[in-house]
Amino acid sequence: MLRTGLRLLVPGLLVLLWWTTSAGSTSPFYPPLREVLAAFQESWLFARLGSDLVPSVTRLLAGLLIATVVGIAVGAALGRSRLLARALNPAVQFCRSVPGTALIPISVVLFGIGDGSKILVIAFVCVFPVLLNTVDAVRGVDPQLEDVARSYRLTPVQRLAFVLLPAAAPQIFAGIRTALGIAFIMMVVTELYAATNGVGFVTLSARNSFDVPQMWAGTVLLGLLGVALSALFLVLQRRVLRWHIGMTERN
Amino acid sequence: MLSVTNLRKTYGSGDQAVEAIRDMTLTVDKGEFVCIVGPSGAGKTTMLRCLCGLLKPSSGTVTLDGAPVTGPPKEIASVFQDYSRSLMPWFTVRRNVGLPLRNRYRSTADRAERVGTALDAVGLSGFGDRYPWQLSGGMQQRVAIARGLAYAPEILLLDEPFASVDAQTRADLEDLILRVRDDTGVTMLLVTHDIDEAVYLADRVVVMSARPSVVLETVEVDLPRPRDQVTTKRLPRFAELRTHVLTLIRRTALDGSAPTPDHHSTIGERR
Ligand SMILES: Nc1ncnc2c1ncn2[C@@H]1O[C@H](COP(=O)(O)OP(=O)(O)O)[C@@H](O)[C@H]1O
Ligand SMILES: [Mg+2]
């Protein structure tokens, strides 16, 4: 009770500060919070929810999902095989050094301005934190566990599913968490360039048409969305890594 | 019958080569309880890993019922030295014990039954749904033993299984192992650096020298069974045997020269 109160205290104060400083504002770029909230309600509760918020979030999740699957699969392979790692390392290092935003024009030229092109960019940028964490984690698995797996004759698939991946899971989750942050940024950025819908698109269009409260409202929504996504992720992580949390707390 | 002939294992090569095992020859008959005793770093773990097909010897042969061991055989189950690193912390006790049974029993009901029996045998019936890290060290090692038993092996290999538990737990676990052996007739090969433990448990003690190791002697243990922590250890014969083994080990440890296999026992009366 007290803890929840404490957590809400600072955000509450900030909103209050915003409200009071903006209430009498005459600057067109700093509209009263009242107007921002009105714009928020008009657009996001719930008129544009289906037409813009849902497509944004869908693209983000699709990109992140692809990145996770590919990152874990390739990462596990690279972590297992020194030869493969040596062969692919230069390519991986090059690809991960390319700034994600620089890929958008190429992707638009190659794959158009549809969802696929945006999802691809998000996935491409997000794959590296997952991949590199997986490589590291798989390499760090206790050799004794592998002895156990081999001596009890587990099949390669069983070794992967019941030993390697669970052992690597805490570090893989850390990678996905980083990827989520990047995916969120890329979600917005892909919508600022050649887009037809999305929260980022709406926010940018509002600026272009001097609908300043709408622009502020879009930004507020993005903030809320970011908080919600990372909270959801934490819930998922707590569920999957319950054993790890329990074990760490015990020691 | 498990048989090891002129086993040699050198790690690495060139300047960095570590000769862990120079020459080990031994056999373990069906139903026997053999203990290998040797100082730390003697190559005991190396030896067991060669025996269960996890490690390829540099030379020499390992055969199980006449067939060469080239990979982990289904007749052998292992209990590893460090229990905290041999159980999967993401699985409950039940799933840890059941994991190796997946390829043996298709039906989950059969699997659950075997797991239940094995947990009963080590006195952990009520702990199936706990996680290993919720248990004490002694209990974790029991889980590892249960996992070995559930696998229904002909031979159970144990690598210093009680080295990191307290004395009382250790005595309990030793008696547990003896009882399991009586109940199941499984062949036991246990490695330890503890001479008392080796003499207390074994039918035969293989005494290993310090690295590079050879078999110093194989000592028959003619103590009556069933054994008991108090009465067995009070027998004059127990003291005699442990002193004999201790003398063997100390002699090589002190003179420091590369030992040679000595198949002629100095205790004379046994082999
Ligand atoms: N993978 C390895 N590479 C190089 N040396 C090793 C390796 N494993 C063990 N050794 C060395 O071999 C010797 C025997 O080790 P080990 O079999 O673990 O002995 P013990 O189990 O009797 O304590 C030690 O000197 C150890 O340092
Ligand atoms: Mg050892």
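What follows is a chat about the ligands, one arginine and the annotated spans of this predicted model.

Me: Which residues coordinate the magnesium ion?

Reply: The magnesium ion, ligand 2, is held by B:Thr45 through OG1 and by B:Gln81 through OE1, at 2.0 to 2.6 Å.

Me: And where do B:Thr45 and B:Gln81 sit in the chain?

Reply: They come from distant parts of chain B, 36 residues apart. B:Thr45 belongs to helix α1 (residues 44–51), while B:Gln81 is in the loop between β6 (76–79) and α2 (93–98).

Me: Is B:Thr45 buried, exposed or partly exposed?

Reply: B:Thr45 is partly exposed, because its relative accessible area of 30% falls between the 20% limit for buried and the 50% limit for exposed. B:Gln81 is also partly exposed, at 31%.

Me: OK, on to ligand 1. Which residues are around it?

Reply: The shell is made of B:Tyr11, B:Ala20, B:Pro39, B:Ser40, B:Gly41, B:Ala42, B:Gly43, B:Lys44, B:Thr45, B:Thr46 and B:Arg211.

Me: What polar atoms lie close to the oxygen atoms of ligand 1?

Reply: A polar backbone atom of B:Gly41 is 2.7 Å from an oxygen atom of the ligand, and a polar backbone atom of B:Lys44 is 2.7 Å from an oxygen atom of ligand 1. On the nitrogen side, an N or O atom in the side chain of B:Tyr11 is 3.4 Å from a nitrogen atom of the ligand.

Me: How much of ligand 1 does the protein cover?

Reply: It covers 60% of the 560 Å² of accessible area that the ligand has on its own.

Me: Switching topic: where is B:Arg181, and is it buried or exposed?

Reply: B:Arg181 lies in helix α5 of chain B, residues 167–184. It is buried, because its relative accessible area is 8%, under the 20% limit.

Me: What does B:Arg181 touch?

Reply: Leaving out residues up to four places away in sequence, B:Arg181 touches B:Gly31, B:Glu32, B:Phe33, B:Val186, B:Met188, B:Asp203 and B:Arg225.

Me: Last one, chain A. Which residues does UniProt annotate as "transmembrane region"?

Reply: The unreviewed UniProt entry gives residues 60–79, 91–113, 119–141, 162–195 and 215–236 of chain A.

Me: What do 91–113 and 119–141 look like in the model?

Reply: Residues 91–113 of chain A are 83% helix and 0% strand, with end C-alpha atoms 27 Å apart. For residues 119–141 of chain A, the figures are 91% helix, 0% strand and 32 Å between the end C-alpha atoms.

Note on methods:
Residues numbered from 1 in each chain as written. Chains lettered and ligands numbered in written order. Predicted model: local features only at pLDDT ≥ 70, side-chain atom pairs only at ≥ 80, totals over all residues. Heavy atoms only, no water. Donors = N, O, S within 2.8 Å, 3.2 Å for Na, K, Ca; no water. Helix = DSSP H or I, 4+ residues; strand = E, 2+ residues; numbered from the N terminus. Buried < 20%, exposed > 50% of the residue type's maximum accessible area, 1.4 Å probe, protein only. UniProt positions renumbered as here; feature names shortened; annotations may be inferred. Contact = heavy atoms within 4.5 Å. Near = heavy atom within 4 Å. Polar contact = N/O pair within 3.5 Å; in protein donor to acceptor, adjacent residues only side chain to side chain. Areas by Shrake-Rupley, 256 points an atom, 1.4 Å probe, with all protein chains shown as cover.
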